[in-house]
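Please have a look at the chain before reading on.

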Amino acid sequence: MAKLIAEEIAPSNGPVLELGAGTGVFTQALLDRGISERDLTLVEFETDFADMLKQRFPQARILSIDATKLRHGLLFEGADVGAVVSGLPVLSMPPRKVISIISGAFGYLRPAGAFYQFTYGPRCPVPRPILDRLGLKATYIGRTVRNLPPASVYKITRRRPLTLNDNMPEVDASQQK
């Protein structure tokens with residue numbers, strides 16, 4: 001699953017924000033993809049895990065904070081992050097927490113940045129009404145049955161804003177009066 005969640009992320013996506021870094025499985029997959037350890041900010045609420053991450057990844061920035069509080073801090077200057085990788089169990093969280101985490105993370109993402117989320121469920125773990133409310137869309141990346149239990153990965157991005165010409169038929173100027 002770690003390889004799947006990191007497969008679209010390249011060094012050019014740095015810096016990368018990882019939420020719920022845990023033991024660093026996704027972190028290692030990002031390093032294996034060529035992301036510099038210095039370009040990683042790892043958010044882990046549990047202090048034991050955060051301490052372990054500091055030992056394993058001494059050049060990464062480790063923050064022992066609650067991911068629901070992302071928008072209340074200043075982790076980066078502006079929208080500087082190219083990708084967010086989430087190891088958080090959003091499927092089991094109340095909607096308000098999910099909204100807080102997703103909207104907080106998107107506050108740091110570049111306009112073309114993406115939020116990668118895993119799930120053990122049969123569909124995207126971020127419900128459609130939340131995606132709609134936040135102006136986001138989810139794309140299925142893939143599934144791994146080698147993981148126990150099997151897991152899927154979704155890429156969540158901003159919807160492309162509609163432009164005036166998107167829903168308008170072509171008009172031949174020579175036929176206008």
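The model is predicted, so local features need pLDDT of at least 70 and side-chain atom pairs count only at pLDDT 80 or more, while totals for chains, interfaces and linings use all residues. Residues are numbered from 1 along each chain as its sequence is written, and side-chain values use heavy atoms, with hydrogens and water left out.

**The chain**

The protein chain has five helices and seven strands (DSSP runs, H or I of at least four residues for helices and E of at least two for strands, numbered from the N terminus). Their order from the N terminus is α-β-α-β-α-β-β-α-β-α-β-β. Of the 177 residues, 45% are buried (under 20% relative accessible area with a 1.4 Å probe, protein chains only; exposed is over 50%, and partly exposed lies in between). A contact means heavy atoms within 4.5 Å. Among contacts between residues at least 6 apart in sequence, 66% join residues at least 24 apart.

**Two residues**

Thr27 sits in helix 2, residues 25-32. Is Thr27 buried or exposed? Thr27 is buried, because its relative accessible area is 0%. Leaving out residues up to four places away in sequence, Thr27 touches Glu18, Ala21, Leu40, Leu42 and Phe57. With one of these, Glu18, the side chain of Thr27 makes a polar contact of 2.5 Å (a pair of N or O atoms within 3.5 Å, where within protein one must be able to donate a hydrogen and the other to accept it, and residues adjacent in sequence count only if both atoms are side-chain atoms).

Glu7 lies in the loop between helix 1 (2-6) and strand 1 (16-19). Glu7 is partly exposed, because its relative accessible area is 40%. Apart from neighbours within four places in sequence, Glu7 is in contact with Arg33 and Ile141. Glu7 and Ala29 are 22 residues apart in sequence, and their C-alpha atoms are 8.5 Å apart in space.

**The pockets**

A pocket is an open set of points on a 1 Å grid over the protein atoms alone, where a 1.4 Å probe fits, with protein on both sides within 12 Å along at least five of seven lines; lining residues have an atom within 4 Å of a point. A volume is the space filled by probe spheres set on the points, which are joined across faces, edges and corners.

| Largest | about 230 Å³ | Phe45, Asp66, Ala67, Leu88 and Met93 |
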